[in-house]
Amino acid sequence: MTYPSVFPTGTTVYNPEKCWSGYTIYQARELGALLVDMNGKEVKLWKGLHGFPNKLLPGGYVMGHTGERNNAYGMQDQIDLVQVDWDGNIVWKFNQYEFIEDPGEEPQWMARQHHDYQREGNPVGYYTPGMEPEVDGGNTLILGHKNVRNTDISDKNLLDDVIIEVDWEGNILWEWACNEHFHELGFDETAKNILARDPNMRQAGEGMGDWMHINSMSKLGPNKWYDAGDERFHPENIIWDARETNINAIIDKKTGKIVWKLGPRYDTSEELKNLGWIIGQHHTHMVPRGLPGEGNILTFDNGGWAGYGSPNPGSPTGRMNAVRDYSRVLEIDPTTFKIVWQYTPVEAGLVHPVDSNRFYSPFISGAQRLPNGNTLITEGSGGRIIEVTSDYEVVWEYISPYWGKFLNMNMVYRAYRVPYDWVPQLEKPGEIPIEKTDVTTFRMPGAAPSGCEDETEVPGVVPYQGDNALCVAAEEELDEE
Amino acid sequence: MSNTLYTATGCTRCKIVKNFMEERDIPYVEKDMKAEGKEEFQQFYKANRKYIYRGENGIEFPVFTDGDVIYQGIGPAVAYLLSRGKLDKFFSVGTLHKEWVDGIHVFRGNPEYAGEFIEVLRYLKNNNLKLQVDTKGKNSHILQQILDEGLGDAVIMDVLGPGELYSEILGEDIDINEVEKSIKTAANFPEFYFQTTVVPVVRQDGDTPEISYLAPEEVAEAAKLIEAVTGSKKNPYLIKLFKTKEAKDKRLKAVEPLSAAELLPYRSKARTYQVFTEVEKV
């Protein structure tokens with residue numbers, strides 16, 4: 001990734017004619033839950049409110065957390081999940097999943113939430129016509145952590161992923177634990193072997209294996225597949241993805257069993273080979289009914305490093321044995337595994353693969369389908385949020401200007417676009433177009449303007465060619481292999 | 001009638017029972033079911049299978065018979081050899097393995113025979129076994145003696161429900177002070193946990209008895225009782241599902257079983273008083 005050291009932040013591109021304009025909510029690094037308009041104006045900050053992620057609810061409510069467990073003892077455990085009103089009052093809170101007594105810390109209840117949650121009324125946590133999340137009641141699905149021992153997987157302390165459903169009063173009504181479904185996940189013996197030896201051990205709490213690392217969890221909601229009789233896609237069923245294993249799965253809400261799965265291997269059928277190896281993915285969900293592409297699976301296929309399997313030069317032990325240095329946003333038909341739409345370095349206009357790492361976030365990130373067919377993509381590691389049309393035009397681009405003091409990154413975990421009328425406290429803002437700047441002539445103050453003062457013709461030189469003689473194969477040449 | 005001890009090759013518990021008999025000059029014939037006694041045991045098992053417990057890991061040995069009675073497992077066998085039936089209710093065949101022995105029910109036996117009961121425990125303990133006892137609150141003084149003599153390594157205490165329903169669920173009158181004493185004693189064992197099974201209760205409301213499960217609030221009251229007696233919200237506490245087929249009252253056999261998910265509201269309520277409350281995994 002060749003980043004310049006100087007580049008603009010905030011909104012850098014905005015075409016109001018082609019955008020589905022609204023507010024965008026995201027967790028500004030070490031700052032709080034930040035709401036910006038299309039021109040990047042920061043219209044609201046819930047200062048210090050953590051967000052893993054933040055989500056906005058109709059009426060100007062925001063969801064987030066009052067804090068995170070001490071990293072020495074917990075891996076990304078959020079203390080609670082709260083709903084906060086426009087004025088910063090906590091109007092709903094859940095924390096009673098586990099009573100935690102960490103050394104030197106005040107004993108307390110914790111939600112141990114991480115990565116995702118869904119409020120009843122909407123399956124995926126983003127704007128969907130006719131499916132607004134409830135703000136004064138309803139159940140909430142929460143993705144959380146629990147430490148377990150399961151010697152079928154490994155003899156080590158495992159950080160398991162759990163999903164719970166809590167009511168408005170905070171009662172836990174339903175619970176699902178991933179480790180109890182280990183034998184449904186489809187690991188081959190090679191993968192089981194490395195999992196047993198190293199289930200992605202992390203330092204927190206004197207060592208725990210973050211063996212799955214589920215980072216997304218949502219309901220399917222009503223969909224055409226279930227309407228056609230496919231029980232796997234019952235609207236109450238839950239879809240999740242696990243970045244460390246490259247698995248995407250749907251679980252039956254009633255039985256807890258896995259009824260649909262993509263991964264961990266992507267070489268066991270022609271369909272999967274054509275799809276390509278999904279690696280370290282985030283935000284796998286079903287596009288909700290009422291949005292273009294409804295019923296398809298949308299995922300941010302990060303690339304990076306993930307998986308358990310055979311050792312190779314990039315993975316001497318077999319852990320994180322799949323690697324790729326660019327990302328893909330994939331929209332997949334869940335019944336055929338065919339790619340319906342994608343945004344990859346090729347669609348981004350980059351020379352593939354030699355320049356592909358310009359569209360790359362090896363962790364975090366997400367994708368939201370918008371009502372006009374555009375897709376809001378969080379390319380998280382670089383703090384870049386873009387809105388792209390179905391024919392791949394970037395019609396909005398925003399770079400987070402917030403770098404952390406503790407972590408020197410402007411990363412954005414996952415951003416969401418909401419309609420203006422979800423924030424009745426504000427007048428609809430102006431929408432000022434921002435043309436894409438021609439970087440060939442863009443100069444900093446004091447820098448020389450473009451163009452050369454003295455050009456000399458050299459007799460006998462021949463014209464430049466295309467890119468067929470790069471040091472490595474690219475584009476068409478690559479396709480011919 | 002001659003005594004027969006069915007054993008298995010390498011079974012330490014069988015050797016302990018053999019030693020017990022030899023120390024007391026009790027004559028017996030040993031039949032090793034993995035050696036010369038295999039065929040004989042199979043015939044014995046076929047003729048008596050309803051008296052012999054067969055668990056997930058097979059049959060627990062030793063199995064003792066004098067021709068009239070059959071006692072399976074180290075606890076029941078030693079108890080019978082010592083007391084000739086007086087201790088029957090204190091022991092049953094256990095499910096734990098290696099050095100651990102369970103199936104020791106403090107609450108169930110006749111307290112008049114507490115001396116013999118303790119003697120059996122001493123014998124087992126002197127043979128380097130670890131003892132897990134269980135109780136529902138009765139015979140608190142016996143539980144205290146087990147603790148005082150260091151005979152018990154672990155205790156599981158069923159706190160059956162809130163005080164006002166305790167006798168109803170236990171099926172006999174019990175002073176709640178007795179239950180409280182047991183709770184207090186149990187919490188001082190090297191290992192312990194409390195548990196409550198969400199049972200259906202016959203409730204006399206008017207002329208017609210009605211049957212309904214313990215409510216989450218009632219289980220929370222049990223958790224509160226534990227907190228009140230131990231002074232701690234941090235006791236290990238498990239909420240369990242009622243198994244209708246194991247009900248002795250015919251009226252309760254017909255009750256629709258709860259699902260595991262239906263235990264979760266109980267956990268939420270109980271955690272107010274016992275923060276480490278968990279629910280049974282099915």
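In helix 3 of chain B, Ile74(B), Gly75(B), Val78(B), Ala79(B) and Leu82(B) meet Glu116(B), Glu119(B), Val120(B), Tyr123(B) and Leu124(B) of helix 4 of chain B. Keep in mind that this is a predicted model.

**Helix 3 with helix 4 (chain B)**

- Helix 3 covers residues 74–83 of chain B and helix 4 covers residues 114–126; the two pack at an angle of about 130°, and their axes are 10 Å apart.
- That angle makes helix 3 of chain B oblique to helix 4 of chain B.
- As for handedness, helix 3 of chain B goes past helix 4 of chain B in a right-handed crossing.
- Sorted by class, the contact of helix 3 with helix 4 of chain B has seven nonpolar residues, one polar and two charged.

**Helix 4 with helix 5 (chain B)**

- Helix 4 of chain B also packs with helix 5 of chain B: their axes come within 11 Å and cross at roughly 30°.
- With angles under 35 degrees counted as roughly parallel, helix 4 of chain B is therefore roughly parallel to helix 5 of chain B.
- Helix 4 of chain B and helix 5 of chain B have a right-handed crossing.
- On the helix 4 side, the contact is made by Ala114(B), Phe117(B), Ile118(B), Leu121(B) and Arg122(B), while helix 5 of chain B brings in Ile142(B), Gln145(B) and Ile146(B).
- Six nonpolar residues, one polar and one charged make up this contact of helix 4 with helix 5 of chain B.

**Helix 5 with helix 7 (chain B)**

- Helix 5 (residues 140–148) of chain B packs with helix 7 (residues 176–186) of chain B too, at an angle of about 15° and with the axes 9 Å apart.
- Helix 5 and helix 7 of chain B are therefore roughly parallel to each other.
- Here helix 5 of chain B passes helix 7 of chain B in a left-handed crossing.

**Where chain B meets chain A**

- Twelve residues from chain B and 13 residues from chain A take part in the contact.
- About 1100 Å² is buried between chain B and chain A, and carbon and sulfur atoms give 47% of that area.
- Four salt bridges are counted between chain B and chain A.
- Glu175(A) and Arg267(B) have side chains that meet in a salt bridge, at 3.0 Å from N to O.

**Salt bridges across the structure**

- Over all chains, the structure holds 46 salt bridges.
- One example sits inside chain A, where the side chains of Asp77(A) and Arg112(A) meet at 2.7 Å, N to O.
- This pair links distant parts of the chain, 35 residues apart.
- Asp77(A) is in the loop between strand 6 (61–65) and strand 7 (81–84) of chain A, and Arg112(A) is in the loop between strand 10 (108–110) and strand 11 (113–119) of chain A.

**Backbone details in chain A**

- Going from Phe52(A) to Pro53(A), the peptide bond is cis, with omega near -5°.
- Pro53(A) belongs to strand 5 (residues 50–57) of chain A.
- His352(A) and Pro353(A) are also joined by a cis peptide bond, with omega about 0°.
- Look for Pro353(A) in the loop between strand 26 (339–343) and strand 27 (366–369) of chain A.
- His283(A) has a phi near 60°, a positive value in a residue other than glycine.
- Strand 21 (residues 282–286) of chain A is where His283(A) lies.

Conventions:
Residues numbered from 1 in each chain as written. Chains lettered and ligands numbered in written order. Predicted model: local features only at pLDDT ≥ 70, side-chain atom pairs only at ≥ 80, totals over all residues. Heavy atoms only, no water. Axes fitted to C-alpha atoms, helices over the stretch in contact; angles between N-to-C directions. Helix = DSSP H or I, 4+ residues; strand = E, 2+ residues; numbered from the N terminus. Parallel < 35°, antiparallel > 145°, perpendicular 65-115°, else oblique. Left-handed = near helix turned anticlockwise from the far one by under 90°. Contact = heavy atoms within 4.5 Å. Buried area = accessible area lost by both parts, 1.4 Å probe. Nonpolar A, V, L, I, M, F, W, Y, C, P; charged D, E, K, R; others polar.
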